[in-house]
Amino acid sequence: MMQFAVSMFPPLALGFFGLGTGYLIYGPQELFGWPLRDERVDRATGIWGVWLPGFCQFVTGAILFIGLTWFQVFKAPPLYMAALAFSAYGIHWFAIGYNRLRGNDPRPNAGMCVAFFIISVVGLVVFFVAGDWPVGLLFLGLALIYLSDFFAAIGVALGERALGFWHIVTGLWLMYLMVAVAFDFSLGWSLAA
């Protein structure tokens, strides 16, 4: 059996960057109403939703799962939760982006929000228990996003504004995590991520 060296470079920064970019695109529209939604804006945000948060996270999750299982180049147990989350969130962003692109009804998102609230709480527990509080905070932000998105999906107006707020706050935190991981892996700097 071929043995591969353990990699110290899981593709976390790519997943953080993709999701953060998606949140920073969707958040201002939800919180401030900018830009105003119309067919052209929905097409643009739909495409961004598929490619940045969708594709970047899916690729990250797939690499993590393959690295953990087939090649065993990643060994840290919390990376299993990261692989699960990046894969699931990436696939769900394919649906979110496509639905926005097509102008589909957002009400079915209510059920999705329940499932993604649960996976967010699981991630929160895993990373806080593992002592990785920066990623634990990310999952707290994710849980608040899906709680808000549930109310937005069922038509509560304040739900969309809360969703936009948590998208922006969590998007900025994701940008911090991306910078921290990139600096840590590339330069050896520790920014507590």
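Select helices H1 and H5: their crossing is left-handed. A crossing is called left-handed if the near helix is turned anticlockwise from the far one by less than a right angle, and right-handed if clockwise. H1 covers residues 12-32 and H5 covers residues 133-153; they pack at an angle of about 35 degrees, with axes 14 Å apart. Axes here are lines fitted to C-alpha atoms, for helices over the stretch in contact, and angles run from 0 to 180 degrees between N-to-C directions. Helices (H or I, at least four residues) and strands (E, at least two) are DSSP runs, numbered from the N terminus.

This is a predicted model, in which local features need pLDDT of at least 70 and side-chain atom pairs count only at pLDDT 80 or more, while totals for chains, interfaces and linings use all residues. Residues are numbered from 1 along each chain as its sequence is written, and side-chain values use heavy atoms, with hydrogens and water left out.

Now show the side chains between H1 and H5. Phe16, Leu19 and Tyr23 of H1 meet Val135, Leu138, Leu142, Ile145 and Tyr146 of H5, where contact means heavy atoms within 4.5 Å. By class, this contact has eight nonpolar, no polar and no charged residues. Ala, Val, Leu, Ile, Met, Phe, Trp, Tyr, Cys and Pro count as nonpolar, Asp, Glu, Lys and Arg as charged, and the others, Gly among them, as polar.

Keep H1 and select H3 next. These two helices pack at an angle of about 40 degrees, with their axes 11 Å apart, and the crossing is left-handed. The contact includes Leu12, Gly15 and Glu30 of H1 and Phe86, Trp93 and Arg100 of H3. Its classes are nine nonpolar, four polar and two charged residues.

Stay on H3, residues 78-102. From first C-alpha to last, its 25 residues reach 36 Å, close to the 36 Å expected at 1.5 Å a residue; the expected span is 1.5 Å times one less than the number of residues. Just after H3, select Gly103, which takes a positive phi of about 75 degrees.

Go to Gln57 in helix H2, residues 39-69. Is Gln57 buried or exposed? Gln57 counts as buried because its relative accessibility is 1%; buried means under 20% relative accessible area, exposed over 50%, and partly exposed in between (1.4 Å probe, protein chains only). Beyond its neighbours within four places in sequence, Gln57 has contacts that include Gly15, Leu19, Phe86 and Trp93.

Two loops come next. In the loop between H1 and H2, find Pro35. A cis peptide bond joins Trp34 to Pro35, with omega about -10 degrees. In the loop between H2 and H3, find Gln72, which has a positive phi of about 50 degrees although it is not a glycine. Gln72 counts as partly exposed, at 34% relative accessibility.

Move to Met2, in the segment before H1. Met2 is exposed, with a relative accessible area of 62%. Its C-alpha atom is 37 Å from that of Gly20, 18 residues away along the chain.

Finally, display the whole protein chain. It has six helices and zero strands. Its C-alpha atoms fill a box of roughly 55 × 30 × 30 Å, taken along the principal axes. Buried residues make up 42% of the 193 residues.
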